[in-house]
Amino acid sequence: MWLAVAAVVAGLIVLVWSADRFVDGAATTARYAGMPSLLIGMVVIGFGTSAPEMVVSALAAADGNPGLALGNAYGSNITNIALILGLVAAISPIAVHSSVLRKELPILLVITLLSAALIYDDLVSRIDAAVLLLVFAALMGWSIYQGMRGEGDPLGGDVDQEAFTHSMSKKRALFWLVLGLVLLVLSSRLLVWGAVEISQALGVSDLIIGLTVVAIGTSLPELASSLVAIRKNEHDLALGNVLGSNLFNTLAVVGIAGAIHPVAVEPAVLYRDWAVMTGLTLLLFVFGYGFRGRGRINRLEGTALLVIYLAYTGYLVTTMMP
């Protein structure tokens, strides 16, 4: 048991560190390749910050622990909105300037609703996985189109500011890109093993471990990058990190896991975890879209998100008790 706990802690530490290096390396390499700033913000950084969830869920599905894979994806979405954006907004209200992010908010809500139709029969089959991955591919095509033509969008300016802060040579960027990816896989392997051992020792489902410990751990890169972004007054980058990550989690993370191994969905997922995820996504849409002007998530709304997260996590923890 203690060896498993040590494996989870060590895995999370290396996972967070390597994910940060991977994102920096990938974003800088994309910049040297001539990719527009907005495209880097929408695709490269979104992909990079979701890399921990992707690798962890893929390995969990391959090992025959689909509950851990699904719990990691949905739990990370809940953590991203309620904990990360809630904490960031409570510290400093988030103003939404980017027109691209205002387009992503309703897209995320629609995709979240789509996911209910696919898990309604308590199974993410390979056909369901194919649907998710096809939608993901279409969304990436749209993101590339938006990124190529969205000159002057504030999100691109935030990415430019980050690039200036983390400037590095092309050779160094490639080094961190490769090393970060290798360490991501190794640390994820360690984390999955430890999480499965802990769930078996406690006699709880791997879904619950995925929704709590693993989800929080794999969301730490988003938390770190969002806190840094808001400290530099880069509000759109903070929100963009979360929106991009949630889109990747709902489509690519669950899709990849289901393609590797069909995911049996516990009945509680639909009425508990999916319902909470959807409710939070709807709140994020209402807060951030800005129906009468610029969208804004104020301190009161951020605090409300935090309270929801604490209540939800507290409920999950009580279900873990024998």
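Modeller: Buried means under 20% relative accessible area, exposed means over 50%, and partly exposed lies in between, with a 1.4 Å probe and protein chains only. This is a predicted model, where local features need pLDDT of at least 70 and side-chain atom pairs count only at pLDDT 80 or more, while totals for chains, interfaces and linings use all residues. Residues are numbered from 1 along each chain as its sequence is written, and side-chain values use heavy atoms, with hydrogens and water left out.

Biologist: What share of the 322 residues is buried?

Modeller: Buried residues make up 57% of the 322 in the protein.

Biologist: And where is aspartate 206 found?

Modeller: Aspartate 206 is in helix H8, where helices are DSSP runs of H or I with at least four residues, strands are E runs of at least two, and both are numbered from the N terminus.

Biologist: Which side chain of opposite charge is nearest to aspartate 206?

Modeller: That is arginine 272, 9.9 Å away, and aspartate 206 is buried yet has no salt bridge, meaning a side-chain nitrogen of Lys or Arg within 4 Å of a carboxyl oxygen of Asp or Glu. Lys and Arg count as positive and Asp and Glu as negative, while His and the chain ends are not counted.

Biologist: Switching topic, is aspartate 122 buried or partly exposed?

Modeller: Aspartate 122 counts as partly exposed because its relative accessibility is 36%. Aspartate 122 lies in the loop between helix H4 (99-119) and strand S2 (123-124), and its phi is near 65 degrees, a positive value in a residue other than glycine.
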